[in-house]
Amino acid sequence: MPQILLPLLAALGYALASLALKRSLWFGIGSWRTTFVVNLMAGLLFLPLLAWGGHWVGWREIYQPLLTGFGFFIGQIFTFRAIARGDVSIVTPVLGLKSMLIAFICAIFLREKIPTGWWLASALCVVAVALLADRTPSRVRNVSETALLAFLSAIAFSLTDVMVQHWAPLWGPGYFIPMMFGTVALLSFSLIPVFSQPLRQIPWAGWKWLLAGAVMLSGQALLMACAISIYGHATAINIVYSSRGVWTIVLVWIVGHWFRTEERHLGRGILTRRLIGAALLVLAIALL
């Protein structure tokens, strides 16, 4: 079914993008320039959706795609800052709270009836993503600050997905999504004053990984935005999207050497936890 296939493909795209962007950080690009390039790429790649068309709701409601874009922009900032300050061993488990947060938001503010199986699946996702993360003590740093930044990111992205589910059908994906990500791109110009160095000083080797990661991250964001705006059910779609943890493990073991990642050499204990986490994700998806 498309509503399952789209978030699955988005999860694969996120896994590939995260590996590429992690590789680009080896060249000293930093989180601010990474955020800028990724968001600008998203704004450009989403423009062709205007041909899809939609419904002009009115100037009084223009705040809807603009506010949604602002929420996504804030989530991106918190995510990249969390990764810069700490490690994915803290960031990833906290971001796993997103599916649970969306379920709460939909139930409280949209008065959406959430099936019992979805609540259980969301809880399993939180446990699963925590197990998938690397908990090697030497890799864990700035725990409190990193966890706080990641939690703020999870809140921002959860609110963004709920706004997409609630408002995008009124406008149609061809109007809402380009305006949303156009807002993200425009807001990103505010980051230029905090760049450590100008963009022109990024080496070409770094640009290759950065642009590849930006294109894939934008592509998976497009798939998620379309899935939620067309089919709704942000909670269920995000539960399927949590399979990115499984994709990450597979990619690290199969093509991890392409990205010079050291995660292929983790110990048996960490691998066992990740396999259990992957199994819980499969169970969560099955509960849908």
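How many helices and how many strands are there in the protein chain? This is a predicted model, and its protein chain holds twelve helices and zero strands. If you follow the chain from the N terminus, the elements read α-α-α-α-α-α-α-α-α-α-α-α.

Let's begin with the whole chain. Of its 288 residues, 51% are buried. The accessible surface comes to about 13300 Å², and carbon and sulfur atoms account for 71% of that surface. Contacts tell us how the chain folds back on itself: among those between residues at least 6 apart in sequence, 89% join residues at least 24 apart. Glycine 245 and leucine 12 are 233 residues apart along the chain, and their C-alpha atoms are separated by 9.1 Å. Glycine 245 belongs to helix H11, which covers residues 244-255. With a relative accessible area of 15%, glycine 245 counts as buried, because buried means under 20%.

Now look inside. In soluble globular proteins, nonpolar side chains tend to be buried together. In this model, the largest nonpolar core has 35 residues, and Phe46, Phe72, Phe176, Ile177 and Phe181 have the most contacts inside it. Several helices, including H1 (2-24), H8 (173-188) and H9 (204-231), each supply at least two residues of this core. Helix H7 gives the most, with seven residues. There is also a second, separate core of 17 residues, and Ile29, Val38, Phe195 and Ala214 are among them.

Leaving aside its neighbours within four places in sequence, phenylalanine 72 is in contact with Asn39, Phe157, Thr160, Met180, Phe181, Val184 and Ala221.

H2 spans residues 31-45 and reaches 21 Å from its first C-alpha to its last, close to the 21 Å expected at 1.5 Å a residue. Is H2 mostly covered or mostly open? It is mostly covered, with eleven of its 15 residues buried. Serine 218, found in helix H9, touches several residues in this part of the chain: Val38, Met41, Ala42, Leu45 and Phe46 are its contacts once neighbours within four places in sequence are left aside. Serine 218 is itself buried, with a relative accessible area of 2%.

Leucine 47 lies in the loop between H2 and helix H3 (63-85), and it is partly exposed, with a relative accessible area of 45%. Together with Leu44 and Leu50, Leu47 forms a nonpolar patch on the surface, with about 290 Å² of accessible area in total.

Our last stop is about charge. Side chains of opposite charge can pair when their charged atoms come close. How many salt bridges does a search of the whole structure find? It finds one. The side chains of lysine 98 and aspartate 161 meet in it, at 3.0 Å from N to O. Because lysine 98 lies in helix H5 and aspartate 161 in helix H7, the pair ties together parts that are 63 residues apart in sequence. Both lysine 98 and aspartate 161 are buried.

Terms used. Residues are numbered from 1 along each chain as its sequence is written. This is a predicted model: local features need pLDDT of at least 70, side-chain atom pairs count only at pLDDT 80 or more; totals for chains, interfaces and linings use all residues. Side-chain values use heavy atoms; hydrogens and water are left out. Helices (H or I, at least four residues) and strands (E, at least two) are DSSP runs, numbered from the N terminus. The expected span of a helix is 1.5 Å times one less than its number of residues. Buried means under 20% relative accessible area, exposed over 50%, partly exposed in between (1.4 Å probe, protein chains only). A nonpolar core is a set of buried Ala, Val, Leu, Ile, Met, Phe, Trp, Tyr and Cys residues joined through side-chain atoms within 4.5 Å. Contact means heavy atoms within 4.5 Å. A salt bridge is a side-chain nitrogen of Lys or Arg within 4 Å of a carboxyl oxygen of Asp or Glu. Patches are made of residues with over 30% relative accessible area and no salt bridge: like charges are joined within 9 Å, nonpolar side chains (Val, Leu, Ile, Met, Phe, Trp, Tyr) within 5 Å. Accessible areas come from the Shrake-Rupley method with a 1.4 Å probe; for residues, only the protein chains shown count as cover.
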